[in-house]
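Trainee: Could we go through the pockets of this one together? I would like to begin with what the word means here.
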Amino acid sequence: FLCCGVYGLLAAAARRCLKAAGPYVAVAVAFVLALPVVVWNWRHDWASFLYVLERTGVTSGSRRSWAATAGEFLGAQIAITSPLLFWALGAAMVRAGRAGLRGNDASQLFLFAFSIPLLAFFLLWSFYAPVEANWAACAYITGTVACAGWWDQLMSKAQNGPAKLRLAGVFVLVLLPGLALSGVAHFPQTLDSLGIRLPLKLDPTARLQGWKELGTAVGEILANEGKDFVLVSHTYQIASEVAFYVPGRPRVYSVNLGRSINQYDIWGGLEEIKGRDLLFLTDDEEPAARLMA
């Protein structure tokens with residue numbers, strides 16, 4: 001709705017559309033399709049809305065400096081796209097806006113309206129609270145189209161073969177770091193083969209590894225201890241992975257020790273295991289100490 005509003009303000013063609021029934025029918029259809037989500041939340045104490053309010057810092061009590069959260073968001077955008085590609089995408093988005101305003105080009109204004117306002121919104125929000133890097137991902141859809149169109153226009157204006165070849169080289173240079181980053185993220189063993197070991201905190205695939213081994217280890221504990229342990233964790237990530245990988249796939253519970261609400265809280269069931277021995281699964285000593293207290 002934010003992007004549609006910006007597009008409507010900038011493009012005369014969009015303002016003319018407001019005189020037809022189409023936009024209002026679209027809003028009505030969107031409202032009807034959203035009703036099940038609203039009804040579910042109404043029946044579950046508005047869990048999704050409370051989660052979003054907490055994640056966006058509206059109801060969270062903790063605060064970090066605006067410089068840290070804004071710098072973290074901007075740095076994450078540069079890192080996940082790669083510096084050169086981030087610059088190219090950003091320049092293409094701004095260029096689309098300038099070209100659209102100067103030439104009254106609705107298509108260029110559309111690309112601008114559905115990219116820069118989204119990035120600007122999340123950047124501004126990051127001055128107030130932490131913002132996850134992927135929240136702004138939608139901005140890069142039209143941003144990529146704008147970037148491709150810009151490059152295509154530059155190629156068409158190139159006077160000769162050598163000029164086109166230079167432009168193609170720049171294009172490859174811009175894309176290569178992003179492709180390399182994506183390759184490392186999906187195939188970290190590539191770095192291993194080169195003798196490069198990323199620190200655990202810098203390895204983007206760290207949280208994707210080791211779950212099967214954890215499930216096997218937990219299964220061995222359950223089999224060898226001879227006790228009817230209940231499996232409990234403080235995060236949904238650990239709880240869900242263990243529930244999948246432990247042999248027999250037992251039910252796993254997630255206790256809320258101050259985290260955001262999630263589906264495990266809605267499922268409940270902790271009151272049913274009162275008095276039973278539990279095996280607490282955590283990657284941090286602090287939650288375990290809080291649980292024991």
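Mentor: A pocket is an open set of grid points with protein on both sides within 12 Å along at least five of seven lines. Please keep in mind that this is a predicted model.

Trainee: Fine. How much space lies in the second largest pocket?
Mentor: The second largest pocket holds about 320 Å³. It is lined by 15 residues, and those closest to its centre are A88, C147, W151, F171 and V174.

Trainee: Which helix gives the most to that lining?
Mentor: That is α9, with six residues. At least two residues each come from α6 (83–103), α9 (139–157) and α10.

Trainee: And how do the residues of that lining divide by class?
Mentor: There are 14 nonpolar residues, one polar and no charged.

Trainee: Staying with α9, how far does it reach?
Mentor: The 19 residues of α9 reach 27 Å from first C-alpha to last, close to the 27 Å expected at 1.5 Å a residue.

Trainee: Which residues of α9 are buried?
Mentor: They are A139, Y140, T142, G143, A146, C147, W150 and M155. Their cover includes α5, α6, α7 (106–113), α8 (116–126) and α10.

Trainee: Changing topic: what volume has the largest pocket?
Mentor: Its volume is about 1900 Å³. Of its 44 lining residues, E132, R207, Y236, Q237 and D283 are the closest to the centre.

Trainee: What is that lining like by class?
Mentor: The lining of the largest pocket has 22 nonpolar, ten polar and twelve charged residues. Helices that each supply at least two of its residues include α5 (66–81), α10 (161–186) and α12 (211–225).

Conventions. Residues numbered from 1 in each chain as written. Predicted model: local features only at pLDDT ≥ 70, side-chain atom pairs only at ≥ 80, totals over all residues. Heavy atoms only, no water. 1 Å grid on protein atoms, 1.4 Å probe; cavity = no way out; pocket = protein on both sides within 12 Å on 5 of 7 lines; lining within 4 Å. Points joined across faces, edges and corners; volume = space filled by probe spheres on them. Helix = DSSP H or I, 4+ residues; strand = E, 2+ residues; numbered from the N terminus. Nonpolar A, V, L, I, M, F, W, Y, C, P; charged D, E, K, R; others polar. Expected span 1.5 Å × (residues − 1). Buried < 20%, exposed > 50% of the residue type's maximum accessible area, 1.4 Å probe, protein only. Contact = heavy atoms within 4.5 Å.
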